[in-house]
Amino acid sequence: MQWAVGSTKRALQRHGTDLPYSTITRTVDPIEGTVTEVPTSVTLRIYPESLQVNQYNFPTLVGKTVVQFYLAADALTFTPKPSDEITYLGDVYRINSFQSFTAHGKTILYKLIGVKG
């Protein structure tokens, strides 16, 4: 299992780029019922890859600028979600969907589909 985590991390270290990753954490006060939103931004090693969309693979994204991002799951303190954003080449990409890859029951890699906002 360690070989899968190590291989993923080494590949992202060699080919990835340090990109800003922004997420919003929402907490609800159980007594007052108020919602507090805390924006958090971290720099993560991410591998961006252009993605050609068409009516067969992502029909709802046709005509939009889409980038596929690979993110190592090792040592992440959060799980990506569709409202998160990644800044790449000066443009902000909102996560549209994501897929996780596991080895021996442990998540080792996330594939994030980002749409330029």
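Which pattern does the protein follow when read along the sequence? The pattern is α-β-β-β-β-β-β, and the protein has one helix and six strands. Helices (H or I, at least four residues) and strands (E, at least two) are DSSP runs, numbered from the N terminus.

This is a predicted model, in which local features need pLDDT of at least 70, side-chain atom pairs count only at pLDDT 80 or more, and totals for chains, interfaces and linings use all residues. Residues are numbered from 1 along each chain as its sequence is written, and side-chain values use heavy atoms, with hydrogens and water left out.

The predictor's confidence in each residue is given as pLDDT, from 0 to 100. The protein averages a pLDDT of 89, and 95% of the residues score at least 70. Confidence is lowest in helix H1 (residues 2-15), with a mean of 71. Strand S4 (residues 85-88) has the highest, at 96.

Along its principal axes, the C-alpha trace spans about 45 × 40 × 25 Å. Of the 117 residues, 32% count as buried; buried means under 20% relative accessible area, exposed over 50%, and partly exposed in between (1.4 Å probe, protein chains only).

Now to the interior. A nonpolar core is a set of buried Ala, Val, Leu, Ile, Met, Phe, Trp, Tyr and Cys residues joined through side-chain atoms within 4.5 Å. The largest one here has 14 residues, and those with the most contacts inside it are Ile46, Phe69, Leu71, Ile86 and Leu112. At least two residues of this core come from each of strands S1 (17-28), S2 (35-50), S3 (66-72), S5 (91-103) and S6 (106-116). S3 gives the most, with three residues.

Take Leu112 as an example of contact, which means heavy atoms within 4.5 Å. Leaving aside its neighbours within four places in sequence, Leu112 is in contact with Tyr21, Val67, Gln68, Phe69, Leu71, Pro80, Ile86, Ile95, Ser97 and Phe98. For the protein as a whole, among contacts between residues at least 6 apart in sequence, 52% join residues at least 24 apart.

Leu76 is found in the loop between S3 and S4. With neighbours within four places in sequence left aside, Leu76 is in contact with Leu44, Leu71 and Tyr110. Leu76 and Ser41 are 35 residues apart in sequence and 13 Å apart in space, C-alpha to C-alpha.
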